Amino acid sequence: MIGKGIRNTVVIGFALLWLIPIYLLIVNSLVPVGDYSGAPSWIPTRFGFFDNLAIAWNQSGLGAGMLNSLLYSTASAAIAVLAAGLAGFAVVVMPTRRPTLWFWLIYLGTLLPLQIFLAPLFKAYVATSLYDTNLGMILIYSAICVPFAFFIVRNYLTTLPPEITEAAKLDGAGWWRLFFRIHFPLIRSSLFAAFIFQFTWVWNDLLFGITLTTSPDRRPVMAALAEINGGFSSLGPPVVLAAAIAVSLPTIVLFLACQRFFVSSLRAVG
Amino acid sequence: MQTTAPERAVGVGGAASLPGGGTSRPTRDRLSAIPFLTPGVALVGLLLLVPFVATVYQSLTRDNGFVSSFIGLENYGRLLRDPTFGQSLLNTLMWTIGTLILPVGIGLLVAVCTNSMPGGRWIRYAFVLPYALSGTATAVIWGFILRSDGALNQAIAFFGATPPASGWLLEWPTNTIVMILASTWQATGVTVILFMVGLQAVPPETVEAGSMDGASGLRLFWHIVLPQLRPVTIVVIGMSIANSLRVFDLIWLLTKGGPGAVSETLAVTMYRQTFIISDYGFGAAVAVVLSIIVVGASWVYLRQQLKRT
């Protein structure tokens, strides 16, 4: 019994410790920026969150960044999931030659650290005028998202009994009909899990954002936040913290609402 | 006889329906996979694999962004002699070890303790919530806490102690250690989730049988539960290490790898050498070394994954 008491105290203590940064983030984002004393507050007094956010939104391009990232995340995750679904289908269901080779060719993309792609991409983007364009960002984010989505979809497809394919083939269905009529509905939930996971990944990326874009109306949201953070003293900490909350809310809501799907994507990794 | 109709439908050419199979139908089927594979393979091939090969080649050149010449392994030789690279390697090692102990250890502790606790779900949310934040947002929060006029120093002063004069981010190894702690704060959520998945897979009968034999508390955990968690532990460790080797945004926002280059890891060194100093060949060599380490570290858990697939 005593052991249990100690155990519960330790865990609750850790949990409280974990919540302190979040608490500080919220409380200080509420302080009206004009009232900020120069020292962090620990107790909420007045409510200036929306005024702080408005400053970040209008003066520092947070709004444009949010819209850009919404476009990049949605389009790239959708393209990647569709491409991954088709490739997974080809490797698992169709009688493709050397499925293992194709698997590794695509999967290699998640093994390597992103840094290895950066410099050649930068040079190629500048040379082909893809640098600092929406299309360029959607393309690279799609490519980055394909391997992991492919991994999830492929794992799921291998659990389907092959009889499904055989039965449909007996009915004379071609591959495309087979994919869209039979397999697509079956893998829909794993595609959705991959979509949510990749949407979050793209939304949270900073590295490609600062490497492949430069203008505020092409820049994704984390690059905008990084720049706002650079003005920590001039803008005032409450403005920067309010911006950090605003950019995090979409992914937090998505994460909490779709936790089941997150866990299933992570399970596929495990 | 049932098979003839569909075969005719699939292989329009007459030879396809011959028993024993001519070659035309399988070949057609193989070719029909091409449009399915193309979008994925083209995206990954053009935007990831080609740049990968280009970086490997680039690491064998001297390139300032304008002129480039082949110099063999000279960049790697420079790496070995460069003291900032040694520092970067040392920091990378500290990140790896720190990640191995902290998020994995705390994640295991939290998962095991909250598993059977009433309201454990709610306690877990405290750890899972930061996982939904980006590295950039995490850096903003921790920057606010760690600044010399930040919340941490304020709290230290409140309890009557003297905060360190130079702050938390200006001196090595303090800056690397506090950044590892900030990363632990953000990354523990995912290890909690994965360990929970692992714990739910432990059959309750095994635990019951163990407690019937008189095992309890720590012994029950050590001898009965932990061995069952082995596969998931390997995955968690592998994933955590691979992720810690890739940390960029947190360091970039908190210290830019500085002061000087003392808090750089390989991921940051590569970025600075390439995009700030424009020493493309040297930056590429750093990227190659980083890739070798990441793939090597991932290998352990990859083997686990592939066993299952």
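Student: Which residues does B:Phe282 touch, not counting residues up to four places away in sequence?

Tutor: Please keep in mind that this is a predicted model. With those sequence neighbours left out, B:Phe282 touches B:Asn75, B:Arg78 and B:Gln273. The residue itself is found in helix H15 of chain B, which covers residues 280-308.

Student: Is B:Phe282 buried or exposed?

Tutor: A residue counts as buried if 20 or more other C-beta atoms lie within 10 Å of its own. B:Phe282 counts as buried because it has 26 C-beta neighbours inside 10 Å. For the chain as a whole, buried residues make up 43% of the 309 residues in chain B.

Student: What is the secondary structure of chain B?

Tutor: Chain B comes to 15 helices and two strands. Of its contacts with a separation of 6 or more, 65% are between residues 24 or more positions apart.

Student: Which residues of H3(B) are buried?

Tutor: An α-helix has 3.6 residues a turn, so residues three or four places apart point the same way. In H3(B), the buried residues include B:Phe36, B:Gly40, B:Val44, B:Leu47 and B:Pro51. B:Thr55 and B:Gln58 are also among them.

Student: What should I look for in the backbone angles, and which residues does a cis peptide bond join in chain B?

Tutor: Most residues other than glycine have a negative phi, and most peptide bonds are trans. Here a cis peptide bond joins B:Trp172 and B:Pro173, with omega about 5°. B:Pro173 lies in the loop between helix H8 (151-158) and helix H9 (174-200) of chain B.

Student: What is the phi of A:Arg98, and what is that of A:Asp132?

Tutor: Phi of A:Arg98 is near 50°, a positive value in a residue other than glycine. A:Arg98 is in the loop between helix H3 (62-92) and helix H4 (99-111) of chain A, and it counts as exposed because it has 11 C-beta neighbours inside 10 Å. For A:Asp132, phi is near 60°, also positive. A:Asp132 lies in the loop between helix H5 (115-127) and helix H6 (134-158) of chain A. With 16 other C-beta atoms within 10 Å, A:Asp132 is partly exposed.

Student: How do the axes of H3(A) and H10(A) cross?

Tutor: The angle between two helix axes describes how the helices are set against each other. The axes of H3(A) and helix H10 (residues 221-230) of chain A come within 7 Å and cross at roughly 155°. H3(A) is therefore roughly antiparallel to H10(A). Among the residues that meet are A:Leu62, A:Gly65 and A:Met66 in H3(A), and A:Val221 and A:Ile228 in H10(A). The residues of this contact divide into six nonpolar, three polar and no charged.

Student: How many residues does each chain bring to the contact between chain A and chain B?

Tutor: Chain A brings 80 residues and chain B brings 77 residues. Helix H1 of chain A, residues 2-30, gives the most to the side of chain A that touches chain B, with 14 residues. By class, that side has 58 nonpolar, 17 polar and five charged residues.

Terms used:
Residues are numbered from 1 along each chain as its sequence is written. Chains are lettered from A and ligands numbered from 1 in the order in which they are written. This is a predicted model: local features need pLDDT of at least 70, side-chain atom pairs count only at pLDDT 80 or more; totals for chains, interfaces and linings use all residues. Two residues are in contact if their C-beta atoms, placed from the backbone, lie within 7 Å. Helices (H or I, at least four residues) and strands (E, at least two) are DSSP runs, numbered from the N terminus. Ala, Val, Leu, Ile, Met, Phe, Trp, Tyr, Cys and Pro count as nonpolar, Asp, Glu, Lys and Arg as charged, and the others, Gly among them, as polar. A residue is buried if 20 or more other C-beta atoms lie within 10 Å of its own, exposed if 12 or fewer, and partly exposed in between; C-beta atoms are placed from the backbone. Axes are lines fitted to C-alpha atoms, for helices over the stretch in contact, and angles run from 0 to 180 degrees between N-to-C directions. Angles under 35 degrees count as roughly parallel, over 145 as roughly antiparallel, 65 to 115 as roughly perpendicular and the rest as oblique.
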